[in-house]
Each structure stands twice: as structure tokens, then as C-alpha cells.
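Please read them with the structure open beside you.

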Amino acid sequence: MPVEVTWWGHATCTLEDSHTRVLTDPLFARRLAHLRRRRGAVPPPEALRADVALVSHLHSDHLHLPSLARLAPGTRLLVPRGALRAVPGLRRLTALDVTEMAPGDVTSVGALAVRAVPALHDGRRLPVGRRHAPALGYVVEGEARTYFAGDTGLFEDMAKEVGPVDTALLPVGGWGPYLGEGHLNSGRAAEALSLLGAADAVPVHYGTYWPIGMDAVRPHEFHAPGHEFERLAARHAPEAVVHRLDHGGSVRLGGAR
């Protein structure tokens, strides 16, 4: 059975594997604080349909309470351990089945095994949060092994911690003209792809949101990361296939190799 990945924009993807729908970092907003959605329509209602939603870390463009509140009652929600304490609004989402995860934890959803893996990223609920929760990536294993990186920088044991994967959903940019520590740009994402040895890659976390009033500031930082990742992946990981999707676009992959 093929595995299908749909990119809705930013870090929000739907992964369909083994008749199970996985939604990553749901963000269904036209505007978030000082950010405005500049490309791609807000995902349609069908994008809300999921068996499980994965939240990689506490930043509000990844843990977006209004978007989570729109998920159907009974949807599984996996969040970093400590999130319920750090983000009190999560406790009001009583219709969802919330599980806190730490690196190494594994939970079953249908025929899938979902394993939390480390990420190198700030785990606070910014800008005022003092409590920490670990930033996570997730490996979803069914017909194939798919790595959703969330937000992360390169770290020494990435390949060991993530393990062999078939597909990598990798962040290649951000929402502003500069990336801070704990992020992958297109070049570091290409290096990560080489380390991971994945046969397929989908670039995410770019070209969707941009600060209001900054449309003319370094616009190549908004438009270019997907193309740049494709170019650099050909150099660093020539055997991998990069699937650069439009917003709302999907790709079917053949599963484990």
C-alpha cells in the first residue's frame, strides 16, 4: 500500500499510512500574531480529519490551540511531556485524547507505531513561557518509516536517534528573514537528509507565513528555500528524491525499500 503525504503549508502535513491519518503541527490560521499567510489557502475542512495529531514543540505556530480545538472529538493528540503544565489551554481541549511524549516513547495508533525522537530547538512556550518541554520529532512506522522533524537544528546523533527512515519531512526555512539557532535552513536540511539516508524528502516550514509589513524585506528568504533545498540535496544526498510540493499538494510514495 502506498504512503501519501500532503503538505498544507508551514509544518502542517497529513501522512496517510496503513489506513491511518496523521496530522503534523496543525495550523489553520490566516493570521497568527504578527504573521500573515502569504501563500496557499487555509487548509480545507478535510485537512482536519485525522486519527492522530502530532505536536513537535510549544511555539504557537506549532502548538496552535484554536487549530487543535477544531479537531474532531476523540482525535489522539501527542504533545511533548510537560506541555499540559506549560500550556494550560491544552487542558481545556477535553474532547481530545492527549498523550504526553518524551524522546524514546512509543505509542500505537491503529496499525502505526509513533516514536518520539529528540530535536535541537527551544522547548519553551514563547515569548513569556518559563516552563520547558522537550522539542520533539516523530518517526511514524507502518508500511514505511516517515520522520517528521518539527523544528530542529543538526545534532551529532541525529541519524542514531532517528534511525533508518524511508521519508523525511524536513524544515528548510522559517517565517522571517533570519533563522535563529535550532533551525534547519536549506543547506543544513540537505546535510540532515544525507545523514538520515532517507530515499524521499519533502521540504516543509517555508513559503507560507511572513511578518506583516515585511513583504519587501529579503523576499528570497521566503520564496527560495524549497528550490535551494532541492538543489543542495542533489549534491549532499544524490540518491534521495526531493518532492517539492505546492500548498495542498500530495505525493504517493512506494513504502519501505
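1. The largest cavity in this predicted model holds about 30 Å³ of space. A search of the whole structure finds one cavity of 30 Å³ or more.

2. Which residues line the largest cavity? They are C13, T14, L15, T24, V140, T146, F148 and L169. By type, the lining divides into five nonpolar residues, three polar and no charged. Two elements give two or more residues to this lining, namely β2 (12-17) and β12 (145-148). Of the elements, β2 gives the most, with three residues.

3. Next, the nonpolar cores. In soluble globular proteins, nonpolar side chains tend to be buried together. Here the largest nonpolar core has 52 residues. Those with the most contacts inside this core are Y138, Y147, L170, L193 and F229. Helix α4 (residues 186-196) supplies the largest share of the core, five residues. There is also a second, separate core of 21 residues, and L23, V79, A83 and L96 are among its members.

4. Two aromatic pairs are present in the structure. One of them joins W7 and Y206: the ring centres are 5.3 Å apart and the planes stand at 10°. Why is this pair called stacked? Planes under 30 degrees apart count as stacked, and the angle between the W7 and Y206 rings is 10°, so the pair qualifies.

5. Are W7 and Y206 buried or exposed? Buried means under 20% relative accessible area. W7 has a relative accessible area of 1%, so W7 is buried. Y206 has a value of 8%, so Y206 is buried as well.

6. Strand β15 also takes part in a sheet of three strands. The sheet is open, its order is β4-β5-β15, and the pairing is antiparallel. Both β4 (31-32) and β15 stand at the edges. Each has a single partner strand, so one side of each is left without a neighbour in the sheet.

7. Last, the pairing of β4 with strand β5 (residues 35-37). These two strands pair in the antiparallel sense over two bridges. Which residue of β5 stands opposite L32? The residue is L35.

Terms used:
Residues are numbered from 1 along each chain as its sequence is written. This is a predicted model: local features need pLDDT of at least 70, side-chain atom pairs count only at pLDDT 80 or more; totals for chains, interfaces and linings use all residues. Side-chain values use heavy atoms; hydrogens and water are left out. A nonpolar core is a set of buried Ala, Val, Leu, Ile, Met, Phe, Trp, Tyr and Cys residues joined through side-chain atoms within 4.5 Å. Buried means under 20% relative accessible area, exposed over 50%, partly exposed in between (1.4 Å probe, protein chains only). Helices (H or I, at least four residues) and strands (E, at least two) are DSSP runs, numbered from the N terminus. Rings of Phe, Tyr and Trp (its six-membered ring) pair if their centres lie within 6.5 Å; planes under 30 degrees apart count as stacked, over 60 as edge-to-face and the rest as tilted. On a 1 Å grid over the protein atoms alone, a cavity is a set of points where a 1.4 Å probe fits but cannot get out, and a pocket is an open set with protein on both sides within 12 Å along at least five of seven lines; lining residues have an atom within 4 Å of a point. Grid points are joined across faces, edges and corners, and a volume is the space filled by probe spheres set on the points. Ala, Val, Leu, Ile, Met, Phe, Trp, Tyr, Cys and Pro count as nonpolar, Asp, Glu, Lys and Arg as charged, and the others, Gly among them, as polar. Two strands pair if DSSP finds at least two bridges between them.
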